[in-house]
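Here are some notes to read alongside the model. Keep the view open and go point by point.

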Amino acid sequence: MNILTEMIRGWFGPDKMSDQMVLILSAVTLATLMFVVMALCALVFTWMERKVAGFIQSRYGPMRTGRWHGWAQAVADMLKILGKEDIIPAEANRFFFSFAPILVLLGSLLAWAAIPWSPNFVSADLDLGLFYIFAVSSLAIIGILMAGWASNNKWALYGAARGAAQMVSYEIPLALACIPVVMYTGSLNTSDIVIAQQGGVLNWFLFRNPFIFVAFFMYFIASIAETNRGPFDMPETESELVAGYHTEYTGMRFAFFFLSEYANLFLVSLIASMVFLGGWWSPIPGTDFAPALTFIIKGVLMVLLNMWVRWTLPRVRVDQLMYLCWKVMIPVSLTCVVGAGLWMMWRGQA
Amino acid sequence: MEGFLFWFCGILMFLGGLMMVVQRSAVVSAVWLVFSFLCTAGIFALLSAPFLAVMQVLVYAGAIMVLFLYVIMMLHGPVLEDELIPSNKALWPLIAIPPAAVVILLVGWVKGEGLRTMPDSIAADFGTAEHVAQLLLGRYLLAFELISIVLLVAIIGALAIGQRERKLPWK
Amino acid sequence: MDTMLPMGSVDVGMNGHFATVLIFVLIGFFFAAVALIVAKLLRPHDPNPTKLTTYECGEETRGSSWIRFNVRFYLVALFFIVFDVEVIFLYPWAVVFKHLLPLPELGVLVFWEMVIFLVILSLGLAYIWVKGDLDWVKKLVDRAEDEPPRRNPLLKSVTNEEGSQ
């Protein structure tokens, strides 16, 4: 953020603008940038997902649009969606039907504000960064419930109710899994969490403490469920619920759901990279030449892992989903918190 | 700027609350309540209480609303049948009495006590997670441990309400 | 934060960062509106009553979908709130734990304060576990003991073949 404020200051001359104006201008720029990045990652990851799915299922995936491996397929899809008719069912609640996709989109965009891209580039350097991310991403659950309810469609309502039950359940292990890291950092600030992992791969929180190592897997499983992706794609099980909570959505409003789904996928991967995998630090100490790029590469690798899981494992049942969350992941995560505390008391803070 | 934002959030919060009360559909008013909660979070943030602000979003706007929506969805359709009966317009002035009483009391209180504004300077860590934790684990330790008991009771209560199928002990 | 992130010449207080969040909200709405307006200009608009019916796999739509729900969803939401509050109290504790740990006695005390808190709540989790409310499909043991299971007459032959249930 300070790069940006300095740039804006230099642009308009040092004393022409008040601090507030500089702040507002830089925030507007950052928000726009984050929105563009969100849209871009939706484009890139839809194409990537189709290629990964193709690879896993021994087929090609998109090959024609744009010639080279169908790279323009996602762009073409986006253009197609722009031209699709917007249908609001007669039985639906019009206001909430229109508002729900915006709320879901807003939930993901807001969470992106606290992501530390590099040592001096974080949009909103909140002291409560991590906590804030969990808070705003819980707004998406309300958006999904709203969408399902407003559609007045049985598939949509079931999908929304399931989705919300799943997302709220897995929010607990997700938040619990990050607590050992917060205990080591002594701060919720996202930049502080990354700074605490300086000094090569062995200083990443993943390898600092056996309990955090377990917590990482808890986080990873919970993050798949939070993004409603396979094998936890209960809210939109195509074979039973048509398309779940967005059954009735078409055109741009559907695109909002789609966009925020991929934005959230990248978001949870970036958080995994930030909290457990050293953020912008490169694995070998002293080689931090491109912090932002390192951070993004780690995020993309986590996304790939996520896709690999999605296209490999079969979907779980609702009862298995609840069993896994409440009887396995929550007790294990709680044990990780207590265990990390004992470890810190025994071994010091190393 | 902060003064403007304070009034902006305050007025939006008030409007959200008003919309919540006058809505006929329970789901719609629940959503207005979320809106009102979010504006409250904004006011907390402006009053240098970031932890409370984020907690307001997480617990109230997130958790409580999910529960509300479930309960409402579980119980009824969009509008209850008896909610469709036209209300008696003659009773409307009566509704204004309680809020008016609150406003009069508030104005009287402010006149008597004098309007206390925020102090010019507050401790740097005021309202942060560290500050909250120091209070929770020190001065308010008993209250903090009692919270866990309250939550335990809440779990048992939830089970008791949710158990329709099970045999009642006195039958 | 103070070591790595000098905020340039602009004094960005806590409120400054929340102001950024507010601007994110506004920009989010702005872009959503832009996207919807652009789509509105480009897309066809040709509704007809059949197109606007609720989708039910091509069948005629029957009844409202605003129906009663399984009580499970409500229970999950309630358990979620309880454990969400627990997590929220864990976070400030986790933030100060490292700073209080080196202090003699106090560090250990703070740890056990939280363990007591967690144990009491784990009792709650154990309680719902034992009561069987964490199972999505709960076995209705009590009812099965009291009254004979209601059989679908059409299935009688099948159940007889399988022996008594």
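1. Start with burial in chain A. The model is a predicted one, so treat every value below as computed from it. Of the 350 residues in chain A, 59% are buried. Buried here has a plain cut-off: 20 or more other C-beta atoms lie within 10 Å of the residue's own.

2. Next, the make-up of chain A. It has 13 helices and two strands. Why call chain A as compact as a globular protein of its length? Because its radius of gyration is 21 Å, close to the 20 Å that the globule rule gives for 350 residues. Along its principal axes, the C-alpha trace of chain A spans about 60 × 60 × 40 Å.

3. Now look at which parts of chain A meet. Take the contacts with a separation of 6 or more. In chain A, 77% of these are between residues 24 or more positions apart.

4. Turn to chain B. How many helices and strands does it have? There are seven helices and zero strands. Read along the sequence, the pattern is α-α-α-α-α-α-α.

5. Burial in chain B comes next. Buried residues are 29% of its 171 residues. As for contacts in chain B between residues at least 6 apart in sequence, 59% join residues at least 24 apart.

6. Where does chain B touch chain A? The contact involves 17 residues of chain B and 19 residues of chain A. On the chain B side, α2 (26-46) and α3 (50-75) each supply at least two residues. The largest share comes from α3(B), with eleven residues. By class, this side of chain B has 15 nonpolar residues, two polar and no charged.

7. Chain A also touches chain C. Here 77 residues of chain A are in contact with 70 residues of chain C. Several helices of chain A each supply at least two residues to this side, among them α1 (2-12), α2 (19-56), α4 (94-112) and α13 (318-347). Which helix gives the most? That is α7(A), with 13 residues.

8. Finish with the classes on that side of chain A. Where chain A touches chain C, its side has 46 nonpolar, 17 polar and 14 charged residues.

Methods. Residues numbered from 1 in each chain as written. Chains lettered and ligands numbered in written order. Predicted model: local features only at pLDDT ≥ 70, side-chain atom pairs only at ≥ 80, totals over all residues. Helix = DSSP H or I, 4+ residues; strand = E, 2+ residues; numbered from the N terminus. Rg over C-alpha atoms; globule rule 2.2 N^0.38 Å. Buried ≥ 20, exposed ≤ 12 C-beta atoms within 10 Å, placed from the backbone. Contact = placed C-beta atoms within 7 Å. Nonpolar A, V, L, I, M, F, W, Y, C, P; charged D, E, K, R; others polar.
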